[in-house]
Amino acid sequence: MNFNAFLPYLLTMAVVTYLVRAVPLVLIKKKIENKFVISFLYYMPYAVLSVMTVPAVFYATNSVVSAAAGVIAALILAYFKKGLLTVAIGASAAVFAAELLMKLLI
């Protein structure tokens, strides 16, 4: 794609991104006091991050089985309140072990 074809897409993306961030700042002048709206705005980033991350986890490996092994390992380690680095390394090790085991069995 050449630059002349790319420029309209880039400008459209920039305008839409700016509007999504600027319009609420312009329209909402007073402090939000509704508990439902405050709660909604508080949990929205976590919900969006989860919706983007969880499906990607299951397609990041060669098979869904090894991805599930990594997710289960991560959930177990997180349940026992291990640190983020420990959870990440444990999940990666579980995926590696599952992939290796599947190659040996097949």
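In which helix is A68 found? In this predicted model, A68 sits in helix α3. Its relative accessibility is 25%. A68 therefore counts as partly exposed, since that class lies between the cut-offs of 20% and 50%. A94 is 26 residues away from A68 in sequence. In space, the two C-alpha atoms are 9.3 Å apart.

The overall fold is helical. The protein has four helices and zero strands. Along the sequence, the order of elements reads α-α-α-α. The C-alpha trace spans about 60 × 50 × 20 Å along its principal axes. The radius of gyration is 21 Å, whereas a compact globule of 106 residues would have a value near 13 Å. Of the 106 residues, 12% count as buried. The accessible surface comes to about 9,300 Å². Carbon and sulfur atoms hold 76% of that surface. Contacts were also examined by sequence separation. Among those with a separation of 6 or more, 39% join residues 24 or more positions apart.

Attention then turned to the largest pocket. About 230 Å³ of space lies within the largest pocket. Two elements each give two or more residues to its lining, namely α2 (35-58) and α3 (64-79). Helix α3 gives the most, with five residues. The lining includes T53, V54, V57 and F58. T61 also lines the pocket. By class, eight of the lining residues are nonpolar and three are polar. No charged residue is found in the lining.

Two loop residues were compared for accessibility. S63 lies in the loop between α2 and α3. Its relative accessible area is 18%. S63 is buried because this value falls under the 20% cut-off. Which residues does S63 contact, leaving aside its neighbours within four places in sequence? The partners are E99 and M102. Both fall in the span of α4 (84-105).

K81 lies in the loop between α3 and α4. Is K81 buried or exposed? Its relative accessible area is 74%, which means that K81 is exposed, being over the 50% cut-off. The backbone of K81 also stands out for its phi angle. Phi is near 60 degrees, a positive value in a residue other than glycine.

Conventions
Residues are numbered from 1 along each chain as its sequence is written. This is a predicted model: local features need pLDDT of at least 70, side-chain atom pairs count only at pLDDT 80 or more; totals for chains, interfaces and linings use all residues. Side-chain values use heavy atoms; hydrogens and water are left out. On a 1 Å grid over the protein atoms alone, a cavity is a set of points where a 1.4 Å probe fits but cannot get out, and a pocket is an open set with protein on both sides within 12 Å along at least five of seven lines; lining residues have an atom within 4 Å of a point. Grid points are joined across faces, edges and corners, and a volume is the space filled by probe spheres set on the points. Ala, Val, Leu, Ile, Met, Phe, Trp, Tyr, Cys and Pro count as nonpolar, Asp, Glu, Lys and Arg as charged, and the others, Gly among them, as polar. Buried means under 20% relative accessible area, exposed over 50%, partly exposed in between (1.4 Å probe, protein chains only). Contact means heavy atoms within 4.5 Å. The radius of gyration is taken over C-alpha atoms; the globule rule is 2.2 Å times the number of residues to the power 0.38. Accessible areas come from the Shrake-Rupley method with a 1.4 Å probe; for residues, only the protein chains shown count as cover.
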